[in-house]
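Subject: Structure handover

Hi,

Here is the structure I promised you. Please look it over before you read my notes below.

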Amino acid sequence: MRNPDPWQRPEREPDPAPTTRRAAVIGLFMIVLLILGGLLLTHILGGMTRLQDCALSGRSNCSTIP
């Protein structure tokens, strides 16, 4: 309830709840996971491409190509 007397100090409203950064940390963690997953997928697909190129060129023993 408002205080009608203008000479008295107004009632202080309670402080808002502190904001947490939990959502930001979770979002950052998900972005890092997506980047790492993309790098892993790129590495795996690159190896498969090298293996297919070797096999299609008619070579044997293609599994030893790094």
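Of the 66 residues of the protein, 3% count as buried. Keep in mind that this is a predicted model. The exposed surface comes to about 6800 Å². Carbon and sulfur atoms supply 65% of that area.

**Fold**

The secondary structure is quickly listed: 1 helix and 0 strands. Helix H1 covers residues 22–56, which makes 35 residues. From its first C-alpha to its last, H1 reaches 50 Å.

**Nonpolar patch**

Six names to select in your viewer: Leu28, Ile31, Val32, Ile35, Leu36 and Leu39. They form a nonpolar patch on the surface. Together they have about 580 Å² of accessible area. An α-helix has 3.6 residues a turn, so residues three or four places apart point the same way.

**Disulfide**

How many disulfides does a search of the whole structure find? The search finds 1. The bond joins Cys54 to Cys62, with an S to S distance of 2.1 Å. As a reminder, such a link is a covalent bond between the sulfur atoms of two cysteines. The angle about the S-S bond is -80 degrees, and the link of Cys54 and Cys62 is left-handed. Are these two cysteines, Cys54 and Cys62, buried or exposed? Both Cys54 and Cys62 are buried.

**After the helix**

Two backbone angles deserve a look. Gly58 follows H1 and has a positive phi, near 90 degrees. Asn61 also lies in the segment after H1. Its phi is positive too, at about 60 degrees, although Asn61 is not a glycine. Most residues other than glycine have a negative phi. Asn61 counts as exposed because its relative accessibility is 54%.

**For your viewer**

- The patch, including Leu28 and Leu39
- The disulfide of Cys54 and Cys62
- Asn61, with its positive phi

Best wishes

Methods:
Residues numbered from 1 in each chain as written. Predicted model: local features only at pLDDT ≥ 70, side-chain atom pairs only at ≥ 80, totals over all residues. Heavy atoms only, no water. Helix = DSSP H or I, 4+ residues; strand = E, 2+ residues; numbered from the N terminus. Expected span 1.5 Å × (residues − 1). Buried < 20%, exposed > 50% of the residue type's maximum accessible area, 1.4 Å probe, protein only. Areas by Shrake-Rupley, 256 points an atom, 1.4 Å probe, with all protein chains shown as cover. Disulfide = S-S within 2.5 Å. Patch = residues over 30% accessible without salt bridge, like charges linked within 9 Å, V, L, I, M, F, W, Y side chains within 5 Å. Salt bridge = Lys/Arg side-chain N within 4 Å of Asp/Glu carboxyl O.
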